[in-house]
Amino acid sequence: MAKIHGAVVVDTERCKGCNLCVIACPTDAIELTKTEVNHKGYPFCTDPRPEACIGCASCAIVCPDACITVYKLKED
């Protein structure tokens, strides 16, 4: 049986750093940047541990600005 994992894509320029996605992530796969900001001056969501993502899309569901897209990928 193939293993499924997720891939998180964030529109960093639209992200306002509300942190709701980080709180919603059950595997702590995403976090807000600590040293970078977008053009509006907000820290943005990033996925420093992509291997931890299970593709549940909880982060995308709670994002108030629809900045996050989650893809499910099948490993061979």
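Biologist: What makes the meeting of aspartate 11 and arginine 14 a salt bridge?

Modeller: In this predicted model, the side chains of aspartate 11 and arginine 14 meet with N and O 3.9 Å apart. The cut-off is a Lys or Arg side-chain nitrogen within 4 Å of a carboxyl oxygen of Asp or Glu, so the pair counts as a salt bridge.

Biologist: Why is aspartate 11 called partly exposed?

Modeller: Aspartate 11 has a relative accessibility of 31%. Buried means under 20% and exposed means over 50%, so a value in between is called partly exposed. Arginine 14, at 41%, is therefore partly exposed too.

Biologist: How many salt bridges does a search of the whole structure find?

Modeller: The search finds four. One of them joins aspartate 65 to lysine 16, with the closest N and O atoms 3.4 Å apart. This pair links distant parts of the chain: aspartate 65 is in the loop between H2 and E4, and lysine 16 is in the loop between E1 and H1, 49 residues apart. Aspartate 65 has a relative accessible area of 25%, so it is partly exposed. Lysine 16, at 38%, is partly exposed for its part.

Biologist: Is lysine 34 buried or exposed, and how do you know?

Modeller: Lysine 34 has a relative accessible area of 71%, and the limit for exposed is over 50%, so lysine 34 is exposed. Lysine 34 forms a salt bridge with glutamate 31, with 3.5 Å between the closest N and O atoms. Glutamate 31 has 24% relative accessibility and counts as partly exposed.

Biologist: Which residues are linked with one another in a network of salt bridges?

Modeller: Glu31, Lys34 and Arg49 are linked in that way.

Biologist: What makes a set of residues a nonpolar core, and which members touch the most others here?

Modeller: The residues must be buried, of a listed type such as Val, Ile or Cys, and joined through side-chain atoms within 4.5 Å. The largest nonpolar core has 17 residues, and Val8, Cys21, Ile30, Cys45, Cys59 and Ile68 touch the most other members. Strand E1 (3-10), helix H1 (20-24) and strand E4 (68-75) each give two or more residues to this core. Leaving aside residues up to four places away in sequence, Cys59 touches Cys21, Ile30, Ile68 and Val70. In soluble globular proteins, nonpolar side chains tend to be buried together.

Biologist: Which residues form the nonpolar patch on the surface?

Modeller: Leu20, Ile23, Ile61 and Val62 form the patch, with about 400 Å² of accessible area together. Helices H1 and H2 (58-62) each supply at least two of the patch residues.

Biologist: How do you know that the radius of gyration agrees with a compact globule?

Modeller: For 76 residues, a compact globule would have a radius of gyration near 11 Å; the protein has 12 Å, which agrees. The C-alpha trace spans about 45 × 20 × 20 Å along its principal axes.

Biologist: What pattern does the protein follow along the sequence?

Modeller: The pattern is β-α-β-β-α-β, built from two helices and four strands. Of the contacts with a separation of 6 or more, 63% are between residues 24 or more positions apart.

Notes: Residues are numbered from 1 along each chain as its sequence is written. This is a predicted model: local features need pLDDT of at least 70, side-chain atom pairs count only at pLDDT 80 or more; totals for chains, interfaces and linings use all residues. Side-chain values use heavy atoms; hydrogens and water are left out. Buried means under 20% relative accessible area, exposed over 50%, partly exposed in between (1.4 Å probe, protein chains only). Contact means heavy atoms within 4.5 Å. Patches are made of residues with over 30% relative accessible area and no salt bridge: like charges are joined within 9 Å, nonpolar side chains (Val, Leu, Ile, Met, Phe, Trp, Tyr) within 5 Å. Accessible areas come from the Shrake-Rupley method with a 1.4 Å probe; for residues, only the protein chains shown count as cover. The radius of gyration is taken over C-alpha atoms; the globule rule is 2.2 Å times the number of residues to the power 0.38.
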